[in-house]
Structure formats: C-alpha cells, structure tokens
Amino acid sequence: MQKVANVQQILKQFTWGRVEADGTFADAIMRAYFGVLGAEGYGYWSAPGGNNPHLARPDENTQSTGSPFVIPAAGGYQHGYQLLEEQHLDDASGWRVEKRLIPSLVFGDVREPAIASNGSVVDWDSWYRWRNLPKDSPTALLMHYPLTVYQLLVHVLHVTGPARNSPDARQAVNVHYLGAEVELNMLPLFSELALLLPYTDIKLTFFGPAVHHIVKQAKENSLVMKATRNEPVYTYTGPSSCGKGTLAIYLHGEHENWDPRLPALTNSFPDAIVAPNAGLLSYPAWQFVILYSHVENTPFAVTEYAEQSAEVQRDGFPQIVAAAMPHLSKGMRQEDMANMVRSREYPIELNPFQRPGQRNLGSTRLPNVPNGFTMRVVGGKVDEAKTQKPTLINPEAGVTPISMSPETQDLLSKVEKLSLNSLD
C-alpha cells in the first residue's frame, strides 16, 4: 500500500489537492473551481467530456455519467481543433487562470527560471520552485504531459539530460510521440522541454488517429496546414540565459498509426519513442512498435495508469518477441537474432510527474493515475548493457515454442491479421 500513500502525497502538496473519502481526486470539480471545465473554448484545458479517457474516433462523443461535475460529451468536438485557427493561443488565453499561476513562456515582466543544467528539477515540488509558482497553481493538471516526456527522455531512457550539452556542443534529439490526443490542444506547453534541456534542439513528432484526423481537416492559412507541407506546426526557442534550447513540433498526418517503415520512408529515425498512457497490450498496433524497438535497439518508453497493467505488459514482451521470431529471423544476422531473444529487464517506476490524484474508477483502490507509472521497453546502449543477460534461446537451434496465455495468443492472432499495406 506504499504506492497508494505516495500517490496521495503527490496530490496533498497542492493547496487544491483534496483526497476524497474513497481515495480519489475530483479533477472535474477542481477544473470547475478554476473556471476551466469544458470542451471547446477552454484553451489548453479543452477536453471531449464523458467518462472514457480515449476516444475510439477523434470526433466521437463519449458517454456521460450524468454528474454535474463531469464534462458533458461534446458533440462535434475533435482533438486539436485549435490548430484549425491561424495562431496559437498565448499564455493568458491558453491557461485562463490568474497570471501569477501561469508558467510563462514569454519573459518580460516575469522572472526567468535559472538555467536547468544543475539537474535540480526532479519532481513537482522542485519544478514549482524552479518556475517560481505557488502551490495553488493548478498547472500540474496539464503540465504532466510535457514533464512526463522529460522524465522519460532524461531519467528512464537517458538519451539526453539538462547537464549533458553546452554552447559549443549542442545535441539534436528526434522524438516520436505516439498516441497524441488532448495534447494537440496544448502544444505550447511542450516548450517546457526547451527550457529544461539547455543547448538541446528537440524535434517532436506526434502520431496517432487524432493527429491523422485533424490534419485531414487542414484549411488554408490554418496552423495544421503546415503539417501537410512537412513544416513544424509549432516552434519555440528558450531565452539565452536558459541555454537557448529549441523545440519544433511536427504532426504526421498521413497514417493513423505509427508504422515501422516510416523512419526510413521519411528519413526521420527517432532517437527515442515515447507513448503516454499507452496500454501496450490493449491495441494490436503497438506490436509493431514493440518489435521495431527490439530489432533496431531504439529507446522506447511508455507510461501506464496502473502499475499492475505495466507488469502484465512486461510479462508479455518475451512471448511477443518469441512468437514473431519465425517471421523476423529470415535474413537476420546471427548476432541480431541473439540480441532479439536475449533476456531483458523492463523497469517500472512511479512517475514523479504523474498527474496529481487518483482516477475515479469505482471499486479500484490501487493507484490508477494518468501518466502514473513509467516503463522502459528498450533502453539506450548504456541501459541495455547494464541489464544484458545470457540469451535464453539459441538462434542456431531455431526458436523454442513458448507457452502463451489465451489473451496473448488472441492478441497475436489479431496482429497477424493486420496488413501494413493498409496504412499506405
């Protein structure tokens, strides 16, 4: 039960962080208190409504619970609708709260944060202090999206870091962000990565059905029209005093799902792949990402709502790889085959930048939080070298059949029915 206490402690540090009698956090009530509960027209806070965290279609209504404190399902809502406009929202129109509560991106009469190269930002408390924000600011309820990306890149995958680069040795980091949905309503918030990573140039490409859908709606002079020309839809450069980090956000709208062929076809090979609240065993398309990261040794990390979900997924990875080997091994070098089937560790950790507060899921009492737990699927060279273990399968002897659960067998059978050509 220690994790329950940890999750509650993260919430209780905020003046608005009330734990309800059933252990949950009333996110909708808190949004209503700050006047930011709603769908379209609520800036960065815009959300589709209903009680389903993910829409089956980006423009689909969700069912409402009927509670006065739950956003009603909004007809015609679509993730990223603000990208159909000609300009991004500024701090005031995006956040819609008092100026003193906003983590500003334009520093005129607002004090700039210190350069982050000392690596002191490690949790919500240190980030609020670094950003000179009071604990009554509700911004953590949205900033968990960009700060979770920071956590994955720096502390889970170790592909970059606040003290890694310098004015004379900048680093370019190409990140593929899979499954973006409500994040499309808050692209400027990801500018925080440029402030937290001095002397770093970040290319962040969003993929997913919601991305595909909004790019299809592109109209002349709209922000999203830039995506059709393979231009960034949002850019930001931090102040010189913060290391002048840069961010460029791209939207890949040609396909609904990330495809293993895309890096080669687009000449955009990711330094890291990240996916928030992924549900890796819930959607067959994730199989391609899991296998690609293992084959290419591409750093890949995700977050999950619940630690138990991450553990189930972790147990299924070796079975997924083993089941795919008869198809993948044709033409593979022996050392690549050995790398594929060797035993790996998939560490799961509590995310210090999780969205504060337990979700309201009825009888569920174990921690279940948006971006609650991080899991490394494939790490960088240093991570994998530390955890490398003897190969469990002799590639010269072929692949030894592994007993799989009915759930995994059903999932794999669904994956085999998918055709990559259908994404063309």
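Two strands count as paired if DSSP finds at least two bridges between them. The model discussed here is predicted.

Q: Why are S3 and S7 called edge strands?
A: The open sheet has 8 strands in the order S3-S4-S2-S1-S5-S6-S8-S7, with mixed pairing. Strand S3 (234–237) and S7 each pair on one side only. Direction ignored, neighbouring strands of this sheet are turned by 20 degrees against each other on average.

Q: Which helices pack on the sheet, and which strands do they touch?
A: Helix H5 (residues 140–156) touches strand S1 (171–178), strand S5 (272–275), strand S6 (300–306) and strand S8 (368–378), and its direction makes about 30 degrees with that of S8. H11 touches S6, S7 and S8, and its direction makes about 135 degrees with that of S6.

Q: What makes the charge of Lys203 one that sits over the ring of Tyr250?
A: The distance limit from the ring centre is 6 Å, and the charge must also be within 35 degrees of the ring normal. The charged end of Lys203 is 4.8 Å from the centre of the Tyr250 ring and sits over that ring. Lys135 likewise lies over the face of Phe14, at 5.8 Å from the ring centre.

Q: Which residues are linked with Phe14 by ring pairs into a cluster?
A: The cluster holds Phe14, Trp16, Phe25, Trp124, Trp127, Tyr128 and Phe353. Ser137, in the loop between helix H4 (124–130) and H5, is in contact with Phe14, Trp16, Leu101 and Tyr128, leaving aside its neighbours within four places in sequence.

Q: Is Ser137 buried or exposed?
A: Buried means under 20% relative accessible area. Ser137 has 0%, so it is buried.

Q: Why is the pair of Trp258 and Tyr292 called edge-to-face?
A: The structure holds 17 aromatic pairs. Rings pair if their centres lie within 6.5 Å, and planes over 60 degrees apart count as edge-to-face. For Trp258 and Tyr292 the centres are 5.0 Å apart and the planes stand at 70 degrees, so the pair is edge-to-face. Trp258 lies in the loop between strand S4 (246–251) and helix H9 (262–266), and Tyr292 in helix H10 (residues 286–296), 34 residues apart, so the pair is said to link distant parts of the chain. Trp258 is buried at 5% relative accessible area, and Tyr292 is buried at 11%.

Q: How do you know that Phe317 and Tyr346 form an edge-to-face pair?
A: Their ring centres are 4.9 Å apart, with 70 degrees between the planes; the limits are 6.5 Å for a pair and over 60 degrees for edge-to-face. Phe317 is in helix H11 (residues 307–328) and Tyr346 is in the loop between helix H12 (334–341) and strand S7 (348–350), so the pair ties together parts that are 29 residues apart in sequence. Phe317 is buried, with a relative accessible area of 0%, and Tyr346 counts as buried at 8%.

Q: Why is H10 called largely enclosed by the rest of the structure?
A: Because 9 of its 11 residues are buried. Among them are Trp286, Phe288, Leu291, Tyr292 and His294. Just after H10, Asn297 takes a positive phi of about 55 degrees.

Q: What makes H10 roughly perpendicular to H11?
A: Angles of 65 to 115 degrees count as roughly perpendicular. H10 and H11 pack at about 75 degrees, with their axes 11 Å apart, and that makes H10 roughly perpendicular to H11. Here Gln287, Ile290, Leu291, His294 and Val295 in H10 meet Phe317, Ile320, Val321, Ala324 and Leu328 in H11.

Q: Why is helix H7 (residues 209–216) called largely enclosed?
A: Of the 8 residues of H7, 6 are buried, so the rest of the structure largely encloses this helix. The buried residues of H7 are Ala210, Val211, His212, His213, Ile214 and Val215. They pack against strand S2 (200–207), helix H8 (225–228) and S4.

Definitions and conventions: Residues are numbered from 1 along each chain as its sequence is written. This is a predicted model: local features need pLDDT of at least 70, side-chain atom pairs count only at pLDDT 80 or more; totals for chains, interfaces and linings use all residues. Side-chain values use heavy atoms; hydrogens and water are left out. Rings of Phe, Tyr and Trp (its six-membered ring) pair if their centres lie within 6.5 Å; planes under 30 degrees apart count as stacked, over 60 as edge-to-face and the rest as tilted. Helices (H or I, at least four residues) and strands (E, at least two) are DSSP runs, numbered from the N terminus. Buried means under 20% relative accessible area, exposed over 50%, partly exposed in between (1.4 Å probe, protein chains only). Contact means heavy atoms within 4.5 Å. Axes are lines fitted to C-alpha atoms, for helices over the stretch in contact, and angles run from 0 to 180 degrees between N-to-C directions. Angles under 35 degrees count as roughly parallel, over 145 as roughly antiparallel, 65 to 115 as roughly perpendicular and the rest as oblique.
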